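Student: I am new to this structure and would like to work through it by questions. May we begin once it is shown?

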Amino acid sequence: MFDSIQMVTLVSVLLIMVFSGVHIAVSLGITSMLGIYLMTDQVDTVLSFASNTAYEALRDYIFAVIPLFMLMGEFLAKSGAATDLFALINRLLKRIPGRLGVATVLANAVFAFITGVSIAAAAAFSRIAYPEMRRHGYERKFSLGCIAGSACLGMLIPPSVLMIVWGVITEMSIGSLFIAGIVPGFLVVGLFIAYILWVAIRHPERVGEGMVLPTSQQAARDANDLIAEKDMKTILRSTLGLLFLIVLVLGGIWLGFFTPTEGAGVGATLALILAIMRGMKLPEMMSAILSVGRTSAPLLLLLVAAQLYSRVLAMTGVTGATKEFFLSSGLSPYVILALMVLVWFILGCIIDSISIILLTVPVFAPLAMALGFDPLAFAIIGIIAIETGLLTPPFGILVFTVKAAVTDEKDLTPGEIFRGSVPFWIVLLIAVVLIVIFPQIASWLPNVGNEFAR
């Protein structure tokens, strides 16, 4: 067991390396091996422990979930599914105020079921939804805020990469985490839509209502609507295929027909078939596979380093010492939870979401369980709280993704997008509070699935 000085040294070394810009996987690996060395004073033991952990981690087939779900999303994204999805929802909502904003949120929600990555959604809908919003006279800040804010759904609605990482780190059921994210995901969607409708009714000029558009802009809008009408049958077939795939994969996982890895394999195969039916060629297919490889390989390395880090924390007593400190502090469980959420908010301004999970969850999750919080509800609370970092300066990766994707606005600044995203950040905070008060929002559906499986 470590003494307190060694514990502080270990945590300090990790934080210094992370905030100095050292890659998170390297930081975790070096810190973990330092911890083992301080415990054993044997280099051979350090190397043996690290190699055994890496071997055990990589041979676990659950790691295949990440690239397979990414591959499913990549095939469908490159097939134009996101464009068809937005066009269909936009047409169905024709009489709703602020319909393009609502369509963006709903399309992001459905798209989240196939991607699991928010950045892909932010880039896609910046190119699909933003031009339409501007053509209809939407305020620029509001339009960009809708896109950046609703892209957060990709990390909450399954198959979320953050859920997979959380499940691997805590050894929770990834299938249960997926199902736990569905109702909270719909809650956030509903809150986003409520905000957009409020803006459309209270400030109709922000969504182009009552504005006299230039003749050229009006003609472009009408032409676009006519094109959407002509292609509606094709778009409907494409979207129905997409929805069938989502229901099959997630329904199969929920009802126990497949494990998450098997479901991901089925989803990737069917997504490839749908993409080929829509005209995907071999070069596009290879591009999708290479793109997934470049994204998932570093992520798998991160997970290996994180498992090593989690084991070292448990062995050195850092996790236990932290838990005992808070349990004996006299603070109420909700105050401790609020402190954890505050840490996630602060870290979200500095580092990316996956790194935050890798750094904090090995310590926070056992503490939350000791405090009596439902593990599924706590996981969803954590994921939503960490997601807020996607919209907060200076890191705000979704804001910069939208900025990079909108190439025709030369005077656009990240600050304008950050300001447009503030209401969506507040909505995520409201969702966190609601799940803290009513943890059944996250735990009810997995419990129903468990009862059904029995």
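Tutor: We may; please bear in mind that this is a predicted model.

Student: Where does Arg206 lie, and is it buried or exposed?

Tutor: Arg206 is placed in the loop between α12 (182-202) and α13 (215-230). Its relative accessibility is 19%, and the cut-off for a buried residue is under 20%. Arg206 therefore counts as buried.

Student: How many aromatic pairs does the structure hold, and why is the pair of Phe69 and Phe178 given its particular type?

Tutor: The structure holds 16 aromatic pairs. In the pair of Phe69 and Phe178, the ring centres are 5.6 Å apart and the planes stand at 75 degrees. Planes over 60 degrees apart count as edge-to-face, so this pair is edge-to-face.

Student: Which helices does that pair tie together, and how many residues apart in sequence are the parts?

Tutor: Phe69 and Phe178 are both buried. Phe69 belongs to helix α4 (residues 65-78), whereas Phe178 belongs to helix α11 (residues 174-180). The pair therefore ties together α4 and α11, parts whose separation in sequence is 109 residues.

Student: What type of pair do Trp166 and Trp344 form?

Tutor: These two residues are both buried, and the pair links helix α10 (residues 161-170), which holds Trp166, with helix α18 (residues 333-348), which holds Trp344. Their ring centres are 6.3 Å apart and their planes are at 55 degrees.

Student: Which members of the largest nonpolar core touch the most other members, and which helix gives the largest share?

Tutor: This core has 154 residues, and the members that touch the most others are Phe125 and Trp166. Leaving aside neighbours within four places in sequence, the contacts of Trp166 include Met172, Leu177, Trp344, Ile357 and Val361. The largest share of the core is 13 residues, from helix α16 (residues 282-316).

Student: Val361 is among the contacts of Trp166. What lies at Val361 in α19?

Tutor: Helix α19 (residues 353-370) has 18 residues and reaches 24 Å from its first C-alpha to its last, close to the expected 26 Å. Of its 18 residues, 15 are buried. Shortly before the proline Pro362, Val361 marks a kink of about 55 degrees.

Student: Which glycine follows α19, and which one comes just after α14?

Tutor: The residue following α19 has a positive phi near 95 degrees, and it is Gly372. Helix α14 (residues 232-254) has 23 residues and reaches 32 Å, close to the 33 Å expected. Just after α14, a positive phi of about 85 degrees is taken by Gly256.

Student: How many residues of α5 are buried, and which side chain is joined to that of Asp84 by a polar contact?

Tutor: Helix α5 is mostly covered, with ten of its twelve residues buried. Asp84 lies in this helix, and at 10% relative accessibility it counts as buried. Not counting residues up to four places away in sequence, Asp84 touches Ile235, Ser238, Thr239 and Arg278. The polar contact, of 2.7 Å, joins its side chain to that of Arg278.

Note on methods:
Residues numbered from 1 in each chain as written. Predicted model: local features only at pLDDT ≥ 70, side-chain atom pairs only at ≥ 80, totals over all residues. Heavy atoms only, no water. Phe/Tyr/Trp six-rings, centres within 6.5 Å; stacked < 30°, edge-to-face > 60°. Helix = DSSP H or I, 4+ residues; strand = E, 2+ residues; numbered from the N terminus. Buried < 20%, exposed > 50% of the residue type's maximum accessible area, 1.4 Å probe, protein only. Polar contact = N/O pair within 3.5 Å; in protein donor to acceptor, adjacent residues only side chain to side chain. Contact = heavy atoms within 4.5 Å. Expected span 1.5 Å × (residues − 1). Bend = angle between axes of the 7 residues up to and from the residue. Core = buried A, V, L, I, M, F, W, Y, C linked by side-chain atoms within 4.5 Å.
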